[in-house]
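This briefing is intended for a reader who is new to protein structure. Please look at the sequence and the structure together before reading on.

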Amino acid sequence: MTANNPAIASVADAALFVHCTPKQAERLEALSSIVEVKAGYELTKEGRTGLEFGVIIDGVATVTAGGREVATLGAGDHYGEIALLERLEDPGHAVRIATVTAATDLRVAVMSVQEFATVLAEFPEVADAVRRAAREIGRAHV
């Protein structure tokens, strides 16, 4: 993950969704909400329950785990999938493995647990990509 990515236009432009058809991209747009976040805001907090999945549209965020910085996220990068995948499999277990903090002001496309579950159910190829990304991130950063 890198913070050198230029701003993207929408959630569908993220690498995670690169294989989506125009119709699927439209559905992704409908299932996400764009929010603006000020620098310093914690998007996720390690150890807390995961309630949303996000894709950074513009800006930079830092990821810390166990008190150390493990990654920098930029436009097109995503966060929150690990806790939400766990929540969908076992509703009592949806703990964030890292803290994601806005290093700059951000624009983020956010999906609730239900919206995220809808994406996974409607787009099996996206579900596979999300699960692969979650495994890679889990191994690399924790």
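The model is predicted, so local features need pLDDT of at least 70 and side-chain atom pairs count only at pLDDT 80 or more, while totals for chains, interfaces and linings use all residues. Residues are numbered from 1 along each chain as its sequence is written, and side-chain values use heavy atoms, with hydrogens and water left out.

- Four strands form an open sheet in the order 2-7-4-5, with antiparallel pairing.
- Strand 2 (42-44) and strand 5 (68-73) are the edge strands, and each pairs on one side only.
- From one strand to the next, the twist averages 30°; axes are lines fitted to C-alpha atoms, and angles run from 0 to 180 degrees between N-to-C directions.
- Two strands count as paired if DSSP finds at least two bridges between them.
- Strands (E, at least two residues) and helices (H or I, at least four) are DSSP runs, numbered from the N terminus.

**Strand pairings**
- Strand 2 and strand 7 (residues 99-102) run antiparallel and are joined by two bridges.
- Glu 42 has Thr 101 in strand 7 as its bridge partner.
- Five bridges pair strand 4 (residues 61-65) with strand 5 in the antiparallel sense.
- Arg 68 in strand 5 stands opposite Ala 65.
- The hairpin of strand 4 and strand 5 has two residues between the strands, and Gly 66 takes a positive phi near 60° there.

**Asp 128**
- Asp 128 lies in helix 4 (residues 124-141).
- Asp 128 has a relative accessible area of 44% and is therefore partly exposed, a class between buried (under 20%) and exposed (over 50%), with a 1.4 Å probe and protein chains only.
- The C-alpha atoms of Asp 128 and Val 108 are separated by 22 Å, and the two residues are 20 residues apart along the chain.
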